[in-house]
Amino acid sequence: KTILDTVNFDNTEVESKTISIPTSATEIIATGAADTYIFIQNTDLVNFIVVQTVANYNYAKIFPGAFIFLCCDDGIGLELVSNTAACVVNYAKFKKV
C-alpha cells in the first residue's frame with residue numbers, strides 16, 4: 001500500500017519542502033554544508049530518483065512511492081535526479097546539533 005502524505009515541520013533546525021525534480025541534477029544539500037540528516041520521499045508512482053553527491057557519485061535510488069532517511073556527510077553535498085520524467089519529492093533536512 002502506498003500513502004503519499006506531505007511532511008511539514010515548524011522548527012528552525014528543520015527545513016521541509018515539496019519540489020519537482022527534473023532529469024537534470026537538482027542540489028538539495030550544498031557542498032560544504034555540515035553533516036545533515038535528510039528524509040526524502042518520492043511521490044511519483046512510475047519514475048525513480050537517483051540520489052548522488054555533487055561530484056556525481058551515485059549514492060542511492062528511491063523507487064516510486066518509496067522514501068529514504070540518511071545522513072549526508074559534511075562537505076559532500078547531495079543532488080537528486082529523476083530517471084525519465086520530472087518527479088515530485090517531499091524532503092525534510094535536519095541540522096545535526
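Which residue in strand 7 is the bridge partner of Val51? The bridge partner of Val51 is Leu80, and Leu80 also stands opposite Thr26. The model is a predicted one, in which local features need pLDDT of at least 70 and side-chain atom pairs count only at pLDDT 80 or more, while totals for chains, interfaces and linings use all residues. Residues are numbered from 1 along each chain as its sequence is written, and side-chain values use heavy atoms, with hydrogens and water left out.

Strand 7 covers residues 78-82, strands being DSSP runs of E with at least two residues, numbered from the N terminus. Strand 7 pairs with strand 2 (residues 26-29) in the antiparallel sense over three bridges, and four bridges join it, again antiparallel, to strand 4 (residues 49-52); two strands pair if DSSP finds at least two bridges between them. Five of the five residues of strand 7 are buried, that is, under 20% relative accessible area, with exposed meaning over 50% and partly exposed in between (1.4 Å probe, protein chains only). Leu78, Leu80 and Ser82 lie on one side and Glu79 and Val81 on the other.

The structure also holds four aromatic pairs, where rings of Phe, Tyr and Trp (its six-membered ring) pair if their centres lie within 6.5 Å, and planes under 30 degrees apart count as stacked, over 60 as edge-to-face and the rest as tilted. The rings of Phe48 and Phe63 have centres 6.2 Å apart and planes at 55°, so this pair is tilted. Phe48 counts as partly exposed at 21% relative accessibility, as does Phe63 at 48%.
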